[in-house]
Amino acid sequence: MVHLTPLSPTAVYLHLHTFTTFLYLYVTSQQACYAASAVGYLTGRPGACLVVSGPGLIHALGGMANANVNCWPVVVIGGSSDRNQETAGAFQEFPQVEACRLYSKFSARPSSLEAIPSVIEKAVRTSMYGRPGACYVDIAGDMVNAKVDRSTVRVVSCCPSPPVSFADHDSISEAINVLKKSKRPLVIIGKGAAYGRAEVALKEFVEMSGLPFLPTPMGKGVLPDDHPNCVAAARSRALLQADVVLLLGARLNWILHFGLPPRFDPDVKIIQVDLCAEEMGNNVRPAVALLGDINAIVTQLLEGVYKDGWKYSSDTEWWGTLKDKVAANAKMSKALALQSTVPMNYYTVFHHVAQLLPHDCIIVSEGANTMDIGRTMLNNYLPRHRLDAGTFGTMGVGLGFAIAAAAVERSEKKGQRVVCVEGDSAFGFSGMEVETMCRYNLPVIIIVVNNNGIYSGVDPETWKEMAKMGDLTSIAPPVTLLPEARYDEVMTAFGGRGVLVRTVEELRSALQLCLSDWEKPSLLNVLIDPSSDRKQQEFPWLTRSNL
Ligand code: ADP
Ligand code: MG
């Protein structure tokens, strides 16, 4: 039910509260929009983000674009100049509805107070139904304090969860037949499967069918990373040699190398599962297209597997190849992790962090090497417990996402920690949000893996040498940041816990201390070797990819 008299900012809050998860936090508008979109992903209902006009709305565009590209629901509501001042050069005047069209599924300004409930309802519904995404509602300034007679307002009830559709039976049988004929099958689990809450059916399907699976970055945790059928550590091999791929809620975009050679077999048969019909056939024409809700379709596939009593044998050459590769890669990472040098390398840091993190924690991550290497070393065990730069590759989302995850955790009280693993450069985008974390006592643990730069930096001695040579603005490589910058002191400045870490012992004891504290946020500034890099990659094109 909607209450609309008088329409004040409070009334707008009420509408939102009726329809959406309302993240009642004050955060800068760009981070607020990232945060609200993460709420949408985590809860399945859009978070609402209120921004001021002009620059406030423009700062939120990054979050809207990110949400849209990630297929996450979010509703942005922008204040706007008065209706009678359009084109008059009003304060913060901007063509906001038009600007938002590129970044949203729906963008509109209610023409009257009476129209607000139905426009908000449409925005909320559109953000969730079909492929989820961002929606924008523009509220003219003169509406904020205006009044309306309640009896003239059409009451709009809260919209239910999206309707669920199943794939057609013939296509399901065809998919099962293609899987049965496959010699080297592979299941790819994307963040659509996470968003679609397909974890229970998917676990049963994978275990009944005996198929190997590979999660995408945010598909991690739909099934636990330590599941015996997970072949994430043999990713390149699995993608290259699979003859049939069951693609569950993942697009064949750059994250999956477009489904094309040289990363995929040119003759690979794709069984594509998605709720968006327009997605079918992007880059590769699927052998079978299963249109509908992932959870429903996995249930259908499961029925097919049960009916036929079919199971892919664990005794095949394909399983042997994948397991050998998984073991070899794990051995290589472990050897790097156990190097006892100071400064530490990435692998050492992640090895120890992974040992200490609780299995139910939510991991937020961004950065270049930090995110890439961290993804391979930090396991996820639960669905929707990893948030990262995503399909848009957006840096700067980390602290907003962490704030959202901590706020959701506070309302759901599951007792789960939020751990934000940041590169030093990524932290710089939104580092001041530590103030928000301190203001609300959100017990987020931020781990800044600090290599003094973007991809790589220099050590303090080299920096001093360069400074002696002349003006650093012309000498220092643009990818270097201030060596050994005290990010920990940024956290301390606002009353949180900040710790500078150089060794394995310091890392372990500081992380244990932070994990035992639920009262305030912490930041571990982990100084690593500025030349630390990813381990040798099998293919040269992997060296600088985000995967
Ligand atoms: P990833 O980043 O993991 O590769 P993408 O964001 O590329 O995943 O793809 C997610 C896909 O999942 C999108 O194409 C989206 O349309 C689809 N999707 C989202 N929710 C559902 C759902 N409930 N059922 C089926 N498909 C879904
Ligand atoms: Mg860095």
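**Helix packing and the ligand site**

In this predicted model, helix 9 and helix 11 meet through two sets of residues: Ala201, Leu202, Glu204, Phe205, Met208 and Ser209 belong to helix 9, while Asn295, Val298, Thr299, Leu301, Leu302, Val305 and Tyr306 belong to helix 11. Sorted by class, this contact comprises nine nonpolar, three polar and one charged residues. Helix 9 spans residues 199-209 and helix 11 spans residues 294-308; their axes come within 9 Å and cross at roughly 30°. Because angles under 35 degrees count as roughly parallel, helix 9 and helix 11 are roughly parallel to each other. Their crossing is left-handed.

Helix 11 also packs against helix 7, which covers residues 169-181; here the angle is about 60° and the axes lie 10 Å apart. Helix 7 is therefore oblique to helix 11, and the crossing of this pair is right-handed. On the side of helix 7, the contact involves His169, Ile172, Ala175, Ile176 and Lys180, and on the side of helix 11 it involves Ile297, Gln300, Leu301, Gly304, Val305 and Asp308. By class, there are six nonpolar, three polar and two charged residues in this contact.

Attention now turns to the ligand. Around ligand 1 there are 19 residues, of which Arg131, Lys191, Thr216, Arg251 and Asp274 come nearest. Thr216 places a polar side-chain atom 2.5 Å from an oxygen atom of ligand 1.

Notes. Residues are numbered from 1 along each chain as its sequence is written. Chains are lettered from A and ligands numbered from 1 in the order in which they are written. This is a predicted model: local features need pLDDT of at least 70, side-chain atom pairs count only at pLDDT 80 or more; totals for chains, interfaces and linings use all residues. Side-chain values use heavy atoms; hydrogens and water are left out. Axes are lines fitted to C-alpha atoms, for helices over the stretch in contact, and angles run from 0 to 180 degrees between N-to-C directions. Helices (H or I, at least four residues) and strands (E, at least two) are DSSP runs, numbered from the N terminus. Angles under 35 degrees count as roughly parallel, over 145 as roughly antiparallel, 65 to 115 as roughly perpendicular and the rest as oblique. A crossing is left-handed if the near helix is turned anticlockwise from the far one by less than a right angle, and right-handed if clockwise. Contact means heavy atoms within 4.5 Å. Ala, Val, Leu, Ile, Met, Phe, Trp, Tyr, Cys and Pro count as nonpolar, Asp, Glu, Lys and Arg as charged, and the others, Gly among them, as polar. A residue is near a molecule or strand if one of its heavy atoms lies within 4 Å of it. A polar contact is a pair of N or O atoms within 3.5 Å; within protein, one must be able to donate a hydrogen and the other to accept it, and residues adjacent in sequence count only if both atoms are side-chain atoms.
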